[in-house]
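Q: I am new to this structure and would like to go through it step by step. Could we begin once it is on the screen?

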Amino acid sequence: MSAASVGRHMPAVVTLDDLAAMNAADPNGHRYETSPEGVLSVWPVADFEHAQIASRLFAWLLMTGWPAEQILQVAGIRVPGSERDGGRIPDISVWSESPPRAVWLDVTELLLAVEIVSPGSEAMDEVTKRREYASAGIPQ
């Protein structure tokens, strides 16, 4: 699915494969996510302050002894649902071991998902994603 076709021909149900194609094809770097219930979210490119916070968190985790291969920035995670899986892309994720190469990583080895709250993302980051992550068994 090309970025141009996303606007013209949105599939009735967006799969994780569709999301991966949308993320890869977007020339502006938007982040596409979906809830397990099928609600599509589109996020703009992170601003300077957001990127700076993510970099500082990554550096802090490294300095506290976490191996670099267990700390990922903007890696897709598969959020299991009762009927289908959602796909979220936390700003930082920390894993119990180096995750396998995959577009959507399974949450079984995920220890921490960090969402940097930006103006306009408060409800999604602090309520919706927190609920989804908790229901997927990701510790808070």
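Q: Are Lys129 and Glu33 buried or exposed?
A: Both Lys129 and Glu33 are buried, where buried means under 20% relative accessible area, exposed over 50%, and partly exposed in between (1.4 Å probe, protein chains only). For Lys129 the relative accessible area is 2%.

Q: What kind of model is this, and how are residues numbered?
A: This is a predicted model, in which local features need pLDDT of at least 70 and side-chain atom pairs count only at pLDDT 80 or more, while totals for chains, interfaces and linings use all residues. Residues are numbered from 1 along each chain as its sequence is written, and side-chain values use heavy atoms, with hydrogens and water left out.

Q: Back to Lys129 and Glu33: what do their side chains form?
A: They meet in a salt bridge (2.9 Å, N to O), that is, a side-chain nitrogen of Lys or Arg within 4 Å of a carboxyl oxygen of Asp or Glu. The pair links distant parts of the chain, with Lys129 in helix α4 and Glu33 in strand β1, 96 residues apart. Helices (H or I, at least four residues) and strands (E, at least two) are DSSP runs, numbered from the N terminus.

Q: Why can such side chains pair?
A: Opposite charges on side chains can pair when the charged atoms come close.

Q: Which other residue has a salt bridge with Lys129?
A: Asp125 does, at 3.6 Å, N to O. Asp125 and Lys129 are four residues apart in helix α4, so about one helical turn separates them. Asp125 is buried as well, at 9% relative accessibility.

Q: Which residues are linked in a network of salt bridges?
A: The network links Glu33, Arg88, Glu115, Asp125, Lys129 and Glu132.

Q: How many salt bridges are found in the whole structure?
A: The search finds seven. One of them joins the side chains of Arg31 and Asp91 (3.3 Å, N to O). Arg31 lies in strand β1 and Asp91 in the loop between β5 (86-88) and β6 (92-95), so this pair ties together parts 60 residues apart in sequence. Arg31 is buried, with a relative accessible area of 17%, and Asp91 is buried at 5%.

Q: Changing topic, what is the volume of the largest pocket?
A: The volume is about 260 Å³. A pocket is an open set of points on a 1 Å grid over the protein atoms alone, where a 1.4 Å probe fits, with protein on both sides within 12 Å along at least five of seven lines; lining residues have an atom within 4 Å of a point. Grid points are joined across faces, edges and corners, and the volume is the space filled by probe spheres set on the points.

Q: Which lining residues are closest to its centre?
A: Of the 17 residues that line the largest pocket, Trp43, Pro44, His50, Ser118 and Ser121 are closest to the centre. The elements giving two or more residues to this lining are β1 (31-34) and α4 (122-135).

Q: And what about the second largest pocket?
A: The second largest pocket holds about 220 Å³ of space. It is lined by 13 residues, with Ala113, Glu115, Asp125, Arg130 and Tyr133 nearest its centre. Helix α4 gives the most to this lining, with five residues.
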